[in-house]
Amino acid sequence: MASDFAMGQFQFLKRLLLVHGHWNYQRVGYLVLYNFYRNAVFVLMLFCVFYSVIYTSVPTIVVGVLDKDLSHKTLLKYPKLYGAGHRHEAYNLQLFWITMIDTLWQSLVLFYIPLFTYKESSIDIWSMGSLWTITVVILVNIHLAMDIRRWVFITHAAVWGSIMITYACMVVLDSIPIFPNYWTIYHLAKSPTYWLTISLIIIMALLPRFLLKVIHQIFWPSDIQIAREAEILRKVTPNLRS
């Protein structure tokens, strides 16, 4: 906003706006939506254990800082892509409510599938809570992974490492005899039902979102999507809409 007098040389202004300005808008827009999503999922489940502090904050920060939807060469070559910010494509009221509806669906799947699966069993509340905890962490990290455009080592480490850290914390906590959930994870992990339930939740929770993304990208691709595909396919001129 102060670039007209803060920039040492105006030759850097083009890159500042078209490259870093575009990246910043895409990151901030997605970061806002994802933070609403990841917190609302667990709030609606009414269960919380280090969720926002440890298990899901690092992947969010890494993606918010490092993710890039397009290369700097493409952004400089096609200034029209900067218009995505003016059109509010990364964050708007419609996207917000779609995210909230998706969040509600995912929270219902998270809550009711385990209840239905274990309704005839003698599983206690600590075991159910353990299942919900690991499943929601896996779910929101895979959700995030579906939207990452630029995978680097630190991104992989943050996303998949978050899941592994969650499991490690659960193993440590469940190994302490004084805690009421003592040995819970060990009993659960021996059962195929436990792993099948987690898999079913992930598939059912993310399936509507996956299908909508595929349909939207096929039939209503944005300028950014066209440019990304052009980068991948090494096309000379992306067919940008006017």
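Visitor: Which residues are linked in a network of salt bridges?

Guide: Asp102, Asp147, Arg209 and Lys213 are linked in this way. The model is predicted, so local features need pLDDT of at least 70, side-chain atom pairs count only at pLDDT 80 or more, and totals for chains, interfaces and linings use all residues. Residues are numbered from 1 along each chain as its sequence is written, and side-chain values use heavy atoms, with hydrogens and water left out.

Visitor: What makes Arg209 and Asp147 a salt bridge?

Guide: The term requires a side-chain nitrogen of Lys or Arg within 4 Å of a carboxyl oxygen of Asp or Glu. The closest N and O atoms of Arg209 and Asp147 are 2.2 Å apart. Therefore the pair counts as a salt bridge.

Visitor: Why is Arg209 with Asp102 called a salt bridge?

Guide: Their closest N and O atoms are 3.8 Å apart. That is within 4 Å, so the name applies. The pair links distant parts of the chain: Arg209 sits in helix α11 (residues 192-219) and Asp102 in helix α7 (residues 93-117), 107 residues apart. Helices here are DSSP runs of H or I with at least four residues, numbered from the N terminus.

Visitor: Why is Arg209 called buried?

Guide: Buried means under 20% relative accessible area, exposed over 50%, and partly exposed in between (1.4 Å probe, protein chains only). Arg209 has 13%, so it is buried. Asp147, at 10%, counts as buried too.

Visitor: What makes Lys213 partly exposed?

Guide: Its relative accessible area is 26%.

Visitor: Which parts does the salt bridge of Asp147 and Lys213 tie together?

Guide: The side chains meet at 3.0 Å, N to O. Asp147 lies in helix α8 and Lys213 in helix α11, so the pair ties together parts that are 66 residues apart in sequence.

Visitor: Why does Asp67 have no salt bridge?

Guide: The nearest side chain of opposite charge, Arg149, is 4.1 Å away. A salt bridge must be within 4 Å, so Asp67 has none, although Asp67 is buried. For charge, Lys and Arg count as positive and Asp and Glu as negative; His and the chain ends are not counted.

Visitor: What lies 3.0 Å from a polar atom of the side chain of Asp67?

Guide: The backbone nitrogen of Arg150 does. Asp67 itself is found in the loop between α4 (57-66) and α5 (72-77).

Key:
Helices (H or I, at least four residues) and strands (E, at least two) are DSSP runs, numbered from the N terminus. A polar contact is a pair of N or O atoms within 3.5 Å; within protein, one must be able to donate a hydrogen and the other to accept it, and residues adjacent in sequence count only if both atoms are side-chain atoms.
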